[in-house]
Amino acid sequence: MNREITLTIIILISTTALIVGILSIYTNNEIKRLNDEITKTKINEVTLLSSRFALRLQYAAGIIEMAGQTSPMTKPPAYSNLISDQLKGIPDDADSEKREIAKKMLDKRFDLDYVFYAMPNGDIYFLEPFYSQIKLSQLNFAFRDWYRGAISTDSTYVSEVYVSANEKHNVIGIAVPIYDNSNLTLNGIFVGALNLGTLQKSLATINLGQNEYLLIVDHNNNIVADSRKSESDTEIRKFTLDLSEQSRSDVSTVTKAIDGNDMFIAFKTIPVGIHEWSIMSIQPHHDTFASSISMRNEAIMMISIVITITSVAGFFMIRKINTNLELSNRLKRINSELDLKTEQIKQVDIQKEEFSAMVTHELKTPLVPIIGYCKMLKNKMLGELNNEQLESIDTIEKSAKRLESLVSDIMDARKLDLDKMRFEIEDVSIDELFEGLNTSYKILREKGKEFTVNVPVKELTVKTDKTRLRQVFDNLISNAIKFTPNQNAKIEVGAYKENDKIKFYVKDNGIGIPPSKQPELFKKFYQIDTSERRKAGGTGLGLAISKGIIEKLNGKIWVESDGKTGSTFYFELSYLRNI
């Protein structure tokens, strides 16, 4: 073999080896990147499904808890002597107040099959709808998981999945213990049966990959929902695969053998009451990574061709270039699809925010007729009432207004968290602002509280949102009213110019705030744990909302108090000019 042939063979072999090496490294990197993108897509899918399910469950539990805290529900069952085994509870016309609340919950279409009230011993007190009550197979349900869980935890409890004897489909019970407000004894358990059939139906509508299916598994490894099953399939199956060794901090992925086939599983553990449930996507491994497997097979075939036809180096170079272009175009398409998926996830987040706002609105809407009817009853527009009835109506009205204020505070706090609160910036006259405060709160003088306004510098304006500024003052003055004595109380509001700032303040001679508690004062739901402050009540959101508003207006807020002789809340904004 002459030197030229040897040199040619060496060059061909070296070139082929170099090409094969480069192609192998490039293909492995691309496969890794593509696998990472596929895994990320699965994680996003499970995360989205988990968020939707958690929000739905929290919403249902919140509705049942709020209903259980209403005045009629907290009263002891007055007709327990009418419970009969024939009716499986009390008659349809007994305890209409409690039944009416349950009926309204069913009318609102919260996916509740039925709502019922159980006695402390597990006997059914009433169940809505009533026709389902009389169809019950027995009177006592102390053997149910929702009863044992609510009794043992003394708090809201989400049960394991079971088949409803009446409705013949899978449900979970959300149980809320109801206690007597006077002596804290257990009056009963208020329970809503959440229909899992609609959840099963919604899973079936999700666009899934080849041979992919979704599971929701409860704390006892019962399969709560399966995208492969029909809504009428009520068989409760066990999920036998052990995933306990996997990380539970976030969405986890793992490949496990199921029925002899390697399956790629993406799952997330979410809290459901005191338990943990799992949301998971399961797909055959070869279907999940079909695109990357195809890419790997193509690379193997290409390497085989390069090794076999080493004499046609130029052809393989062209082949390599064409293949790279094909891979590049494919990656662009995959990236475009991923961008579309990302945009869809963003739209889902927007829908979640809109859903949260809608839920808050729906909680607030029923309060309007409640407050309206209370006023009509107090004004005797619906007939004469005795003093005891008027006091009850007054209590209902005050409670409804407190709930309305709580919902408004929650809405404002939510808007601040999402940076969705709107501000209308305009020139605001300080004189007009304090004239409005003086007019609104002069009634305090009739109640033995001294209210004064102190604005030494006249004709100042500040560029801010007048409505939000007034909201901050109302929050601070409301706190001052709560924590000052009924007699000889002094509340002073004012403003003064300091350098390029205008400092506003609300000062009182109330119980004061200990210095050690002041750093936590502006956090959401924080309340100083003293007997006086517990009597005053409140949501713990007012100061947090005030702080959020002032900071959005590029100002700052703080408190000064020695903890004994009253408190002074300050906040400052940049002033505009003299009028």
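Where is Asp95 found? In this predicted model, Asp95 is found in the loop between helix H2 (71-74) and helix H3 (96-107), and it has a positive phi of about 50° although it is not a glycine.

**Nonpolar cores**
- The largest nonpolar core holds 42 residues, of which Phe53, Met105, Ile172, Phe190, Ile216 and Trp277 touch the most other members.
- Helix H1 (residues 3-68) supplies the largest share of this core, namely 10 residues.
- Another core, of 40 residues, lies apart from it and includes Phe434, Tyr441, Val493 and Leu553.
- In soluble globular proteins, nonpolar side chains tend to be buried together.

**Helix H12**
- Helix H12 (residues 430-441) has 12 residues, which at 1.5 Å a residue should span 16 Å, and the distance of 17 Å between its end C-alpha atoms agrees with that expectation.
- Ile430, Leu433, Phe434, Leu437 and Tyr441 are the buried residues of H12, and because they cover an arc of only 90° around the axis, they lie on the same side of the helix.
- These buried residues of H12 pack against strand S12 (426-429), strand S13 (449-454), strand S14 (460-464), helix H13 (466-482), strand S15 (489-498) and strand S16 (501-508).

**Lys268**
- Lys268 is found in strand S10 (residues 261-272), and it counts as buried because its relative accessibility is 18%, where the cut-off for buried is under 20%.
- Leaving aside residues up to four places away in sequence, Lys268 touches Val46, Ser50, Asp250, Val251, Trp277, Ser278 and Ile279; of these, Trp277 is also among the residues that touch the most other members of the largest nonpolar core.

**Backbone features in loops**
- Most residues other than glycine have a negative phi, and most peptide bonds are trans.
- Asp95, with its positive phi, is buried, its relative accessible area being 8%.
- Asn554 likewise is not a glycine and has a positive phi, of about 65°; Asn554 is placed in the loop between helix H15 (542-552) and strand S17 (556-560), and at 68% relative accessibility it counts as exposed.
- Glu128 and Pro129 are joined by a cis peptide bond, with omega about 0°, and Pro129 is found in the loop between strand S2 (124-128) and helix H4 (130-134).

Methods:
Residues are numbered from 1 along each chain as its sequence is written. This is a predicted model: local features need pLDDT of at least 70, side-chain atom pairs count only at pLDDT 80 or more; totals for chains, interfaces and linings use all residues. Side-chain values use heavy atoms; hydrogens and water are left out. A nonpolar core is a set of buried Ala, Val, Leu, Ile, Met, Phe, Trp, Tyr and Cys residues joined through side-chain atoms within 4.5 Å. Buried means under 20% relative accessible area, exposed over 50%, partly exposed in between (1.4 Å probe, protein chains only). Helices (H or I, at least four residues) and strands (E, at least two) are DSSP runs, numbered from the N terminus. The expected span of a helix is 1.5 Å times one less than its number of residues. The arc is that of the directions from the helix axis to the C-beta atoms. Contact means heavy atoms within 4.5 Å.
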